[in-house]
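This briefing covers helix packing, salt bridges, surface and spacing in the structure below. Terms are given with their cut-offs where they come up.

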Amino acid sequence: MAIMDGIEAMFVPAAKTCTPSDPLGKAIDYANKMWDRLKRYTLDARYQIDNNPVERMQRPSVMGRKNYLFSKNDRGAEDNAVFYTLLESCAIVGINPLKWLTHALERIRPDMEEEKLIAQLPYNCKAEL
């Protein structure tokens, strides 16, 4: 915590050497606003310094939503939504999407009963993969 106190003590003289619109002034102002949060981060290792892992996990579905704009019709957009939902379901249950898709496509038939189709969903066939 002594390091953090030392850094905080440097803010006051540094802020006097620049205007609030200078890049350094903006950085000091931002650091002052976030200082309590930053100190909490250094006190408890459970806190994450950023939310990059969460954003990375959301990126595929966000890109999918953007791609729906280029679907030729509503049916195509619905098909895309179903497909991305199935792939995200694979990520949630911890299975490889390509492995699941290969597994499911090898077993699905046009005349299958609904129960057998439901058994091919990612969360139902995790044990088989």
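**Ser 89 and the basis of the values**

Ser 89 is found in helix α4; helices (H or I, at least four residues) and strands (E, at least two) are DSSP runs, numbered from the N terminus. Ser 89 is buried, with a relative accessible area of 17%; buried means under 20% relative accessible area, exposed over 50%, and partly exposed in between (1.4 Å probe, protein chains only). The side chain of Ser 89 reaches the backbone oxygen of Thr 85 at 2.8 Å. A polar contact is a pair of N or O atoms within 3.5 Å; within protein, one must be able to donate a hydrogen and the other to accept it, and residues adjacent in sequence count only if both atoms are side-chain atoms.

The model is predicted: local features need pLDDT of at least 70, side-chain atom pairs count only at pLDDT 80 or more, and totals for chains, interfaces and linings use all residues. Residues are numbered from 1 along each chain as its sequence is written, and side-chain values use heavy atoms, with hydrogens and water left out.

- Helix α5 spans residues 97-107, and its buried residues are Trp 100, His 103 and Ala 104. Viewed down the axis of α5, these buried residues fall within an arc of 95 degrees, so they line one face of the helix; the arc is that of the directions from the helix axis to the C-beta atoms.
- Exposed residues Leu 98, Leu 105 and Glu 106 sit on the face of α5 turned away from its buried side.
- The partner against which the buried residues of α5 pack is α4 (74-93).
- At the start of α5, the backbone nitrogen of Leu 98 has a side-chain oxygen of Asn 96 within 2.8 Å.
- Gln 120 lies in the segment after α6 (114-118) and is buried, at a relative accessible area of 10%.
- With neighbours within four places in sequence left aside, Gln 120 is in contact (heavy atoms within 4.5 Å) with Trp 100, His 103, Ala 104, Arg 107, Ile 108 and Cys 125. Trp 100, His 103 and Ala 104 are also the buried residues of α5.

**Salt bridges**

- A search of the whole structure finds 6 salt bridges, where a salt bridge is a side-chain nitrogen of Lys or Arg within 4 Å of a carboxyl oxygen of Asp or Glu. Side chains of opposite charge can pair when their charged atoms come close.
- Glu 8 and Lys 39 meet through their side chains in a salt bridge (3.8 Å, N to O). Glu 8 lies in helix α1 (residues 2-16) and Lys 39 in helix α2, so the pair ties together parts that are 31 residues apart in sequence. Glu 8 is partly exposed, with a relative accessible area of 30%.
- Lys 33 and Asp 29 form a salt bridge, with their closest N and O atoms 3.3 Å apart. Both lie in helix α2, 4 residues apart, about one turn of the helix. Lys 33 is exposed at 61% relative accessibility, and Asp 29 is partly exposed at 39%.
- Glu 78 and Arg 75 form a salt bridge in which the closest N and O atoms are 4.0 Å apart. Both belong to helix α4, 3 residues apart, about one turn of the helix. Glu 78 is partly exposed at 47% relative accessibility, and Arg 75 is exposed at 54%.
- Arg 75, Glu 78 and Asp 79 are linked in a network of salt bridges.
- An α-helix has 3.6 residues a turn, so residues three or four places apart point the same way.

**Surface patch**

- A nonpolar patch on the surface is formed by Leu 38, Tyr 41, Tyr 47 and Ile 49, which together have about 360 Å² of accessible area.
- Patches are made of residues with over 30% relative accessible area and no salt bridge: like charges are joined within 9 Å, nonpolar side chains (Val, Leu, Ile, Met, Phe, Trp, Tyr) within 5 Å. Accessible areas come from the Shrake-Rupley method with a 1.4 Å probe; for residues, only the protein chains shown count as cover.
- Tyr 41 is found in helix α2 (residues 23-43) and is partly exposed, with a relative accessible area of 31%.

**Spacing**

- Pro 13, in helix α1, is partly exposed, with a relative accessible area of 46%. Pro 13 and Glu 115 are 102 residues apart in sequence and 70 Å apart in space, C-alpha to C-alpha.
- Asp 74 lies in helix α4 and counts as exposed at 63% relative accessibility.
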